[in-house]
Amino acid sequence: MCKRDLMLTAIDNTKGKIFNVWFIKKDKTMRRMTARIGVTNHLKGGKSTTAHKNYLRTVFDMEKGQYRSVNLETIQRFKCGDIDLKIE
């Protein structure tokens, strides 16, 4: 299983639980995000602009209260409850 598939499965298996993810942003800086999937309260309509990019996953940033895209290929660490995945 490739890294992208592993991370996608891990995020999808949270089923709406809050998780932490550490990843490299596009500007090459490291970021830690507390996020969850399945949040629909803040949707304003319209279509996703990243749905066609299979290496991105849209999540809801709990600290900023906004939707963000995470590049599955640059994730360094994923933590949700007892699950702690560190990727090199």
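**Pockets and strands**

The lining of the largest pocket takes at least two residues from each of β3 (56–61) and β4 (66–71). The model is predicted, so local features need pLDDT of at least 70 and side-chain atom pairs 80 or more, while totals for chains, interfaces and linings use all residues. Residues are numbered from 1 along each chain as its sequence is written, and side-chain values use heavy atoms, without hydrogens and water.

**Exercise 1.** Find how many residues line the largest pocket and which strand gives the most.

*Step 1.* A pocket is an open set of 1 Å grid points, over the protein atoms alone, where a 1.4 Å probe fits, with protein on both sides within 12 Å along at least five of seven lines; lining residues have an atom within 4 Å of a point.

*Step 2.* The count for the largest pocket is 20 residues, and Leu43, Lys47, Ser48, Thr58 and Tyr67 lie nearest its centre.

*Step 3.* Strands are DSSP runs (E, at least two residues), numbered from the N terminus. With four residues, β3 gives the most to this lining.

**Exercise 2.** Look at the second largest pocket and name strands that supply at least two residues of its lining.

*Step 1.* Find its lining residues, including Phe23, Ile24, Lys53, Tyr55, Ser69 and Asn71.

*Step 2.* β1 (19–24) and β4 each supply at least two residues here.

**Exercise 3.** Decide whether Thr34 is buried or exposed, and list what Thr34 touches.

*Step 1.* Go to strand β2 (residues 30–36), where Thr34 is found.

*Step 2.* Thr34 has a relative accessible area of 15%, so Thr34 is buried (under 20%; exposed is over 50%, partly exposed in between, with a 1.4 Å probe and protein chains only).

*Step 3.* Leaving out residues up to four places away in sequence, Thr34 touches Ile18, Phe19, Asn20, Phe60, Asp61, Met62 and Glu63 (heavy atoms within 4.5 Å).
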